[in-house]
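Open the model in your viewer and keep the sequence panel beside it. This tour goes from one selection to the next.

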Amino acid sequence: MSTAPNRRAVAVILLIPLMVTLALWAFAWPAARIAPRDLPVGVAGPASAAQQLEQRFEQRDGAFDVHRFDDEAAASTAIEDRTVYGAVVVTPQGPHLLTASAASPVVSQLLREAVTASVPEDTPVRVTDVVAAPPGDPRGSALGASVLPLALAGMAAGTVVTLMGLRGARAAVTLIGAAALVGLAATAVAHSWLGVVTGDWWTEAGVLALTVLAIGSAVAGLAALFGPRGIGLGALLMVLLGNPFSGVTSAPELLPEPVGAIGQWLPPGAGGSLLRSVAFFDGSAAGAAVLTLSLWTLFGLAAVLFARRAPRPAERVEPAREPALTG
């Protein structure tokens, strides 16, 4: 009796626990190690008082990347430009904390706790949310939950294009069309119905479509280069790593190093950061995310258009036989 089925059964038995372990590591480990790591924050006020406050931040070695500003207006502008997540302004009445819950509710809460713990108990801490999260999503939960559906939509588009045997321009047009429709549908739900994003409607639709296109074209491109194994590689990069490493539910600077940086190099993380920028910050600090998504899209579409994969055995064409001579 052939041992091939037995070998396949053993391979499945071993592969499933390995995949579960990898998934738990990718999703649970970053969440269990959330802490500030070079988190950009600002300090403003009189030089002597601001310097003391800056030294308190720097006592937590490697936790904060402190920026100095002349006054409250400059600090507020830096928050709106996404240069820092928040800032502490030293005033005669006590510290004035500026936050941006739209950038990260988790960071806003962390800064409140850090500033409150650094001043005497009876000292009041005034808090101003410079860029507040929308009323429809005050904790950022809905925005964070949007990354996985986008990754799955891109995976589905790239997988279906591959399994249907679409090649060249037809495959590229299919990927672009599917991504465009997903962008419109997702914006209708997130913006028009739920109200979890509040920027320009068409810009948000473009960001969502570009994110799905980057994921879908990357998966299809990997499949065009490596065959069916490319789909598995795409799932590993876009879903198993891209989703938990994106930092959308917290912030990239709160994830263990180098997870936060890796997440921003992958389409789910870049797409989440870009959506925050266009939805709440008028597109500030969007350049790096746009570049990342564009590069993944170009790579995927180029592979789909120009890769020449060897045919599978079932696709091989038998050479034509010479006609038999008669008479």
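Start with Phe226. At 46% relative accessibility, Phe226 counts as partly exposed (buried is under 20% relative accessible area, exposed over 50%, partly exposed in between, with a 1.4 Å probe and protein chains only). Phe226 lies in helix 8; helices here are DSSP runs of H or I with at least four residues, strands are runs of E with at least two, and both are numbered from the N terminus.

Before moving on, note that this is a predicted model: local features need pLDDT of at least 70, side-chain atom pairs count only at pLDDT 80 or more, and totals for chains, interfaces and linings use all residues. Residues are numbered from 1 along each chain as its sequence is written, and side-chain values use heavy atoms, with hydrogens and water left out.

Together they make a nonpolar surface patch of about 400 Å². Helix 8 (201-226) and helix 9 (228-241) are the elements that give two or more residues to the patch. Patch members have over 30% relative accessible area and no salt bridge; nonpolar side chains (Val, Leu, Ile, Met, Phe, Trp, Tyr) are joined within 5 Å, like charges within 9 Å. Areas come from the Shrake-Rupley method with a 1.4 Å probe.

Next, select Tyr85, Pro252, Glu253, Gln264 and Ser273. Of the 36 residues lining the largest pocket, these lie nearest its centre. Its volume is about 660 Å³. A pocket is an open set of points on a 1 Å grid, where a 1.4 Å probe fits, with protein on both sides within 12 Å along at least five of seven lines; lining residues have an atom within 4 Å of a point. Colour helix 10 (259-265), helix 11 (267-280) and helix 12 (287-306): each gives two or more residues to the lining of the largest pocket. Helix 11 gives the most, with 6 residues.

Go on to the second largest pocket, with a volume of about 260 Å³. Select Ala142, Ser146, Ala186, Val189 and Ala190, the closest to its centre among 16 lining residues. Helix 7 gives the most to this lining, with 5 residues.

Last stop: show the side chains of Arg68 and Glu54. They meet in a salt bridge at 2.9 Å, N to O (a side-chain nitrogen of Lys or Arg within 4 Å of a carboxyl oxygen of Asp or Glu). Arg68 is in strand 2 (residues 64-69) and Glu54 in helix 2 (residues 47-59), so the pair ties together parts 14 residues apart in sequence. Arg68 is partly exposed at 41% relative accessibility, whereas Glu54 is buried at 15%.

How values were computed:
Points joined across faces, edges and corners; volume = space filled by probe spheres on them.
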